Amino acid sequence: MRDVQDHWFRQAKREGYRSRAAFKLTEIDDKKKVLSKGDRVLDCGAAPGSWCQVAARRVGPRGSVVGVDLKSIDSSGLPPNVTLLEADLREIELESIGGTMFDVVLSDMAPDTTGDHFGDHHRSIRLCNELLDRAHIWLRPGGNLVMKVFEGEAYRDLLDRAGSMFSKAKGFKPVASRGESVEMFVICAGQLSAAERDQDGGGPTEAEQIAPPRPKPGPGWSS
Ligand SMILES: C[S@@+](CC[C@H](N)C(=O)[O-])C[C@H]1O[C@@H](n2cnc3c(N)ncnc32)[C@H](O)[C@@H]1O
């Protein structure tokens, strides 16, 4: 397992990434097509910044990335379309991260692990649920969300909840994650609008009228 981790670590150094986590997002996006040119991306739990590097490259100069973490992130060498914020994700308002809904929300957030798998799993699940609680505020209808979770007994419930909020929600384990046995990524495509969620009607919210839904998930979703 250490050999596998060393391989990705060396590869990240060679390619100028701040951590080997870069290869997880690269594979997720190659297979699931969550990012598009011109997207506005919110990267939650962004330190030291390798997902920001990957996302910034993929959305291109017309797109932008806001990276948020409890820890400060060194901005030197990051592309100009990356903005950083040192904050607890659970305490920020949309206004402090640009005031406009995002096309994509990414979360590689993880609690500090203690070695107690049960406790670590539930803390990770809580972070994911806190992200889903805010999805309708931060992510525009039709937008995509990727979040890391430590697998365990509550994983299925999390997947079900995500499935009720998005057109599609699936678990995915990138090759670069194989050394970290409990780590899984939930890939959610096409956030449902309030009207779609609420079958009883209730028209679109003001934000939804401003941000029309994206097309339904594309070809990356067949696998
Ligand atoms: C695995 S690291 C992220 C690596 C990053 N994706 C990269 O590619 O460089 C997980 C990060 O989540 C952050 N985190 C955990 N809880 C958070 C919270 N409530 N708000 C913001 N960041 C949080 C941690 O500080 C940690 O830096």
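Which residues in H4 meet which residues in H5?

## Basis

This is a predicted model, in which local features need pLDDT of at least 70 and side-chain atom pairs count only at pLDDT 80 or more, while totals for chains, interfaces and linings use all residues. Residues are numbered from 1 along each chain as its sequence is written, and side-chain values use heavy atoms, without hydrogens and water. Helices (H or I, at least four residues) and strands (E, at least two) are DSSP runs, numbered from the N terminus.

## Contact of H4 with H5

His121, Ile125, Cys128, Asn129, Leu132, Asp133 and Ala135 in H4 meet Tyr155, Leu158, Arg161, Ala162 and Met165 in H5; contact means heavy atoms within 4.5 Å.

The axes of H4 (residues 117-138) and H5 (residues 155-165) come within 11 Å and cross at roughly 10°; they are lines fitted to C-alpha atoms over the stretch in contact, with angles from 0 to 180 degrees between N-to-C directions. H4 is therefore roughly parallel to H5 (angles under 35 degrees).

## Strand E4

All six residues of strand E4 (residues 102-107) are buried, so the strand is largely enclosed by the rest of the structure. Buried means under 20% relative accessible area (1.4 Å probe, protein chains only).

E4 pairs in the parallel sense with E1 (residues 40-44) over four bridges and with E5 (residues 139-150) over five bridges; pairing takes at least two DSSP bridges. Val105 of E4 is the bridge partner of Leu42, and Leu106 stands opposite Val146 in E5.

## Helix H3

In H3 (residues 50-59), eight of the 10 residues are buried, among them Trp51 and Val59. Gly60, with a positive phi near 75°, follows H3.

Technical notes:
Buried means under 20% relative accessible area, exposed over 50%, partly exposed in between (1.4 Å probe, protein chains only). Angles under 35 degrees count as roughly parallel, over 145 as roughly antiparallel, 65 to 115 as roughly perpendicular and the rest as oblique.
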